[in-house]
Amino acid sequence: MVRDTAVLLDERRVFEPKDEILSRAHVKNWEKEIEKGKDLEKYWAEKAEQFEWFQKWDQVLDESNKPFYQWFVGGKINLAYNAVDRWIETEKRNQVAILYINERGEEKKITFYELYVQVNKLANALKNLGVKKGDTVSMYLPMCPELLISILACNKIGAVHSVVYSGLSVGAFVERMNDAKAKVLFTADGTYRRGKIIDLKAIADEAILQCPTIETIVVVNHTGKPIQISELSGREIFYERLVDGEPAYCEPEWMDSEDPLFILYTSGSTGKPKGVLHTTAGYMVGVATTLRDIFDIHENDLWWCTGDIGWITGHSYVIYGPLLLGTTTVVYEGAPDYPDPGVWWKIVEKYGVTKFYTAPTAIRHLMRFGTRYTNLYNLESLRILGTVGEPINPEAWMWYYKNVGKENCPIMDTWWQTETGMHLISPIPAASLKPGSATLPFPGIDADVVDEEGNSVPVGKGGYLVIKKPWPSMFRTLYKDEERFKDVYWNAFPGYIYKAGDMARKDEEGYFWIQGRSDDVLKIAGHRIGSAEVESAFVGHPAVAEAAVIGKSDPIKGEVIKAFIILREGYELKTQLIEDLKKHVRYELGPVAVLGEIVQVDKLPKTRSGKIMRRILRAQERGEDLGDTSTLEE
Ligand code: PRX
């Protein structure tokens with residue numbers, strides 16, 4: 001989403017922290033904390049002390065092989081042990097760890113002790129299936145307790161998890177599964193979505209035909225709808241059958257700090273998704289620290305992050321962050337507006353949610369209903385709000401602040417990425433807030449805005465967002481693609497500066513205003529999708545000879561797809577074909593690929609070497625100057 005710079009330049013409102021929030025905040029003095037973060041190794045080592053290590057690290061940060069940074073070298077730790085086992089010896093033993101709620105109003109509460117038993121049983125069962133340390137296990141599951149349990153069971157035994165978002169479809173699924181070479185797949189009979197049950201198993205069944213590495217398919221009977229599985233094939237088994245009778249204890253696999261934890265695919269400029277690889281200890285320290293300090297997590301908090309576990313937000317802040325802090329995490333399965341647009345606020349009231357974290361697209365969507373639903377429920381339990389995934393426009397920020405937070409709750413606009421693993425630029429509750437700005441880098445994070453050469457740009461001028469020093473939960477590489485890792489992120493500027501792929505500017509006070517992606521990545525309702533992925537889906541249709549895709553601005557979703565296509569001979573872009581194309585792209589990529597407009601063209605702007613110049617199409621779309629056209633073919 002490219003932001004209206006005029007609106008942002010005009011945004012001068014400042015919201016100071018309220019005493020009530022400040023008085024109980026873990027971090028009361030933002031400047032001092034940022035100062036502390038300048039001693040990078042000392043700062044993060046202190047945070048790492050809060051976990052239980054099987055063996056402590058010898059070195060906090062190893063920079064000898066840039067950009068392959070290593071953190072807490074020599075340490076041994078188990079993440080599931082720290083997120084679950086650790087709590088059963090404490091007063092949290094019988095506290096709810098997972099509060100699962102769905103759109104039908106059904107709930108399941110799982111205490112830390114119950115979670116411990118379930119994770120251990122499944123960990124043992126996975127071992128019996130032949131899963132060993134370092135093997136990959138995939139999940140194609142709804143937002144359900146089994147998704148968290150299977151992830152935690154993997155890291156109990158040192159297996160690497162690779163979750164495929166349940167909104168992705170066959171083509172995207174196959175590509176990810178085969179790249180990660182998953183041995184076991186968890187899937188379910190279905191997921192609830194707006195009163196219907198989406199048949200996940202049918203999608204998985206179709207995809208699996210093209211995934212030769214999968215040896216076992218574990219099926220969660222989630223919605224209870226009768227399904228057939230072929231247990232006799234020896235490949236499919238029901239989840240309940242699998243864990244039944246397993247011992248309730250499994251010795252944790254003590255992992256090296258730098259052992260792989262998970263692979264999560266995300267989109268880049270080329271058609272091939274990027275397998276972002278995170279490792280164990282640094283990820284754990286970064287995620288727990290940011291959640292604790294940014295959302296000021298205390299005993300008795302009820303934390304709700306609406307992000308899906310299929311994306312990084314859910315990995316870091318639905319599962320790992322809260323459980324590592326021993327906090328109850330709400331897992332919600334459903335849409336924000338079903339059965340009506342008050343469903344989220346009803347949940348806040350019913351359970352007394354204290355910290356609430358969502359995406360700007362959801363806020364913009366709910367904003368359309370004014371105060372009708374926010375006034376219907378008591379939202380007084382809320383203390384801190386957050387947003388993530390795309391820039392938030394000041395108007396949406398103000399609506400959220402006034403109507404959800406009732407002007408009492410500060411809003412944490414957190415900027416980060418799949419690659420960064422944790423929040424990097426974000427306020428903390430002690431910050432002065434400006435609507436639309438993610439404010440300052442988190443302590444220990446050295447962010448800047450630079451020009452093409454990598455030099456800092458003056459105040460107010462736009463440029464590339466970069467991170468100049470390593471941070472613990474940074475991704476370590478792109479799975480099986482070190483060259484791409486170095487090229488895309490580390491070689492753009494001299495001196496191993498991380499190129500984030502966003503444009504930003506800084507104001508007089510050093511506050512960051514994120515402006516949108518600088519590459520060919522779209523942000524549709526906060527979901528990241530590459531132009532090239534969509535183009536390749538288009539050309540997979542027999543009618544399409546060539547395609548170019550750009551983002552078209554949308555008031556709610558931020559961006560939707562605008563596709564320019566050249567048709568093969570004999571085809572005409574009539575209603576039926578448009579419908580066919582929509583269906584086809586949805587089949588390949590899933591409902592995340594929202595098509596706004598398809599236009600037929602005779603030619604696409606290309607460089608002399610044949611690369612599509614989407615930049616030209618974007619400029620045309622926005623009525624802007626075409627910029628440098630010297631490399632254009634004609
Ligand atoms: O463009 C930025 C946008 O989301 C991108 C990262 O997408 P993804 O890896 O899918 O992770 C999303 C959840 C962390 C960024 O490059 N983005 C994320 N948060 C913000 C944001 N843009 C502006 N403001 C934010 N707070």
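Rings of Phe, Tyr and Trp (its six-membered ring) count as a pair if their centres lie within 6.5 Å, with planes under 30 degrees apart called stacked, over 60 edge-to-face and the rest tilted. By this rule there are 42 aromatic pairs. The model is predicted, so local features need pLDDT of at least 70 and side-chain atom pairs count only at pLDDT 80 or more, while totals for chains, interfaces and linings use all residues. Residues are numbered from 1 along each chain as its sequence is written, and side-chain values use heavy atoms, without hydrogens and water.

**Aromatic pairs**
- Y464 and F493 form a tilted pair, with ring centres 5.9 Å apart and planes at 55°.
- Y464 lies in strand β22 (residues 463–467) and F493 in the loop between α16 (482–490) and β24 (498–506), so this pair ties together parts 29 residues apart in sequence.
- F475 and Y489 pair edge-to-face, at 4.8 Å between centres and 80° between planes.
- F475 is in the loop between β22 and β23 (477–478), whereas Y489 is in helix α16.
- Both are buried, F475 at 1% and Y489 at 2% relative accessibility.
- Ring pairs link F475 and Y489 into a cluster with F68, Y69, W471, F485, W490 and Y498.

**Charges over rings**
- The charged end of R93 sits over the ring of Y113, 4.2 Å from the ring centre (the cut-offs for Lys NZ or Arg CZ are within 6 Å of the centre and within 35 degrees of the ring normal).
- K108 lies over the face of Y100, 5.7 Å from the ring centre.

How values were computed: Helices (H or I, at least four residues) and strands (E, at least two) are DSSP runs, numbered from the N terminus. Buried means under 20% relative accessible area, exposed over 50%, partly exposed in between (1.4 Å probe, protein chains only).
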